[in-house]
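Here are a few friendly notes to read with the model open beside you.

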Amino acid sequence: MTWPAFFFGTLVAWWLAGLIAWRWAPRPGRLLLYVLLGWAGFWLGHSLALRQGWTWGRLGPLSLAGGIIGTLAVVGFIHFLLTPPPPPDAKPPQRRFARRRTTRR
């Protein structure tokens, strides 16, 4: 692994995690958490892809596809754990174009 490949992989991981945090969790604490865990997930996915011998998604010495999948998996799992479910609605949603029931006599 060369230093430019390491820095490129780190930038890709931070960019992906930052993009996810910007879109779904716009708080500074979550941004830092997502970026750090995205970085760890990228290198975990990269090392898993190298260990398994995957050749798809490689960019030089970097297993880019495995790293991106690892980043998305770790950050998505953490987002799932940290985000509370929405409250249930009091009444079910109304159908906009409901059919009228007609009775024939």
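1. A search of the whole structure turns up six aromatic pairs; rings of Phe, Tyr and Trp (its six-membered ring) pair if their centres lie within 6.5 Å. One aromatic cluster is formed by W3, F6, F7, F42 and W43.

2. A word on the source: this is a predicted model, where local features need pLDDT of at least 70, side-chain atom pairs count only at pLDDT 80 or more, and totals for chains, interfaces and linings use all residues. Residues are numbered from 1 along each chain as its sequence is written, and side-chain values use heavy atoms, with hydrogens and water left out.

3. Helix α1 (residues 3–24) and helix α2 (residues 28–52) have axes that come within 8 Å and cross at roughly 135 degrees. Helices here are DSSP runs (H or I, at least four residues), numbered from the N terminus. Axes are lines fitted to C-alpha atoms over the stretch in contact, and angles run from 0 to 180 degrees between N-to-C directions.

4. Which residues of α1 meet α2? Among them are F6, G9, A13, W14 and A17, and the α2 side includes L31, Y34, G38, W39 and F42; contact means heavy atoms within 4.5 Å.

5. Do look at R30, which sits in helix α2. Not counting residues up to four places away in sequence, R30 touches A25, L82 and T83. The C-alpha atoms of R30 and G18, twelve residues apart along the chain, are separated by 9.5 Å.

Notes: Phe/Tyr/Trp six-rings, centres within 6.5 Å; stacked < 30°, edge-to-face > 60°. Helix = DSSP H or I, 4+ residues; strand = E, 2+ residues; numbered from the N terminus.
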